[in-house]
Amino acid sequence: MSLLDLPNTIIAPINIQLPRGLKEISFDNFKIRKIQKEEKNLFLKHETIPSFYRSELQYTRWALVKNVINMEEINSFHNEINYLRETLILYKNKPINLFVFGALLKPLFLCVNHKYQFEHISDSYPILNKDIKKIKILYDIIKSLHENSKDDLYKVVIERYQSALYVNTAFPNRFTDLVTILEALCVKNNQGEYSFRLAIILSLILYKKFRENKHEMYKNIKIFYKIRSEFVHSGTSRHCTKSSLNELLEITRKIIFIYVNDPSFFKKEDLIKELI
């Protein structure tokens, strides 16, 4: 294959809502700009796109765009899509529908990879002017964690978190994954009394960093740990509700957010003593 046969532009539609008047957001290797009508039509007509994405694409106005000259740059763009998706789901408690990956090629060819389906698929992810700089900073941190860090913990944690967001993941697995993430970040393997230590550490972190009610958090986290144990040992739990899952998702998001900004915070020998 010669360079003349390779794509010059690669595009991934993204269901976001940007401030009025903003034309594009530029990152190091790609930009977000308005999707053109003919580009959207190519996706809508493509036979591999499932029906629930077609309905969403009707209202999608933006896309990630990158000019490429070789296959290596195409492959790197798929990584950059994943980094941005992780950035946005950790930035705020709102799933981002960035799951139709497409390449607009010359000669025309379209490849599609739909990995995750979240709830509220028709909702767009709002980004305000004040968010843009923070999102760029978080994106750089997450990209660095993937490309430069020797610590694989983040990669395991974010994969489990995305699985817990995925609506087709079994409910017990979603809950179990979230508690496992919190345990992996906050409690060392050689420390006993896992539920007690986890509840103490998380309630103190959430109080200090987000001014949450630490007594309420301690009680709720103990309940979450009990629910996880019930799922693991019996496969069911009478204490688990949709609201408890949503609360656990938000707690987990906040803890991962703290971790990506300062991984060393969770590596302290006695985290409880550090927090008190």
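**Aromatic rings and helix packing in the predicted model**

In this predicted model, Lys 254 is placed over the face of Phe 210, at 4.9 Å from the ring centre.

The crossing in which H7 passes H8 is right-handed. On the H7 side the residues that meet H8 include Phe 196, Leu 202, Leu 206 and Tyr 207, while on the H8 side the residues that meet H7 include Met 217, Tyr 218, Ile 221 and Tyr 225.

Attention now turns to pairs of aromatic rings. Such a pair is described by the distance of the centres and the angle of the planes. The count of aromatic pairs in the model comes to 9. In one of them, the rings of Phe 27 and Phe 30 have centres 4.8 Å apart and planes at 15°, and the pair is therefore stacked, since planes under 30 degrees apart count as such. Phe 27 counts as buried because its relative accessibility is 11%, which falls under the limit of 20%, and Phe 30, at 4% relative accessibility, likewise counts as buried.

Phe 30 also pairs with Tyr 139: the centres of these rings are 5.7 Å apart and the planes stand at 75°, so this pair is edge-to-face. Because Phe 30 lies in the loop between strand E3 (24–26) and strand E4 (31–34), whereas Tyr 139 lies in helix H4 (residues 129–147), the pair ties together parts that are 109 residues apart in sequence. Both Phe 30 and Tyr 139 are buried. Phe 27, Phe 30 and Tyr 139 belong, together with Phe 77 and Tyr 83, to one aromatic cluster.

A further residue can be related to Phe 30 by distance. The C-alpha atoms of Ile 81 and Phe 30 are separated by 9.6 Å, although the two residues are 51 residues apart along the chain. Ile 81 is located in helix H3 (residues 71–91), and it is buried, with a relative accessible area of 1%.

As regards confidence, the protein chain has a mean pLDDT of 80, and 79% of its residues reach 70 or more. Over residues 98–118, however, the pLDDT is below 50, even though this stretch has 86 contacts in the model beyond near neighbours in sequence. Where pLDDT is low, the predicted coordinates should not be read in detail.

Key. Residues numbered from 1 in each chain as written. Predicted model: local features only at pLDDT ≥ 70, side-chain atom pairs only at ≥ 80, totals over all residues. Heavy atoms only, no water. Helix = DSSP H or I, 4+ residues; strand = E, 2+ residues; numbered from the N terminus. Buried < 20%, exposed > 50% of the residue type's maximum accessible area, 1.4 Å probe, protein only. Phe/Tyr/Trp six-rings, centres within 6.5 Å; stacked < 30°, edge-to-face > 60°. Lys NZ or Arg CZ within 6 Å of the ring centre and 35° of its normal. pLDDT = per-residue confidence, 0-100. Contact = heavy atoms within 4.5 Å. Left-handed = near helix turned anticlockwise from the far one by under 90°.
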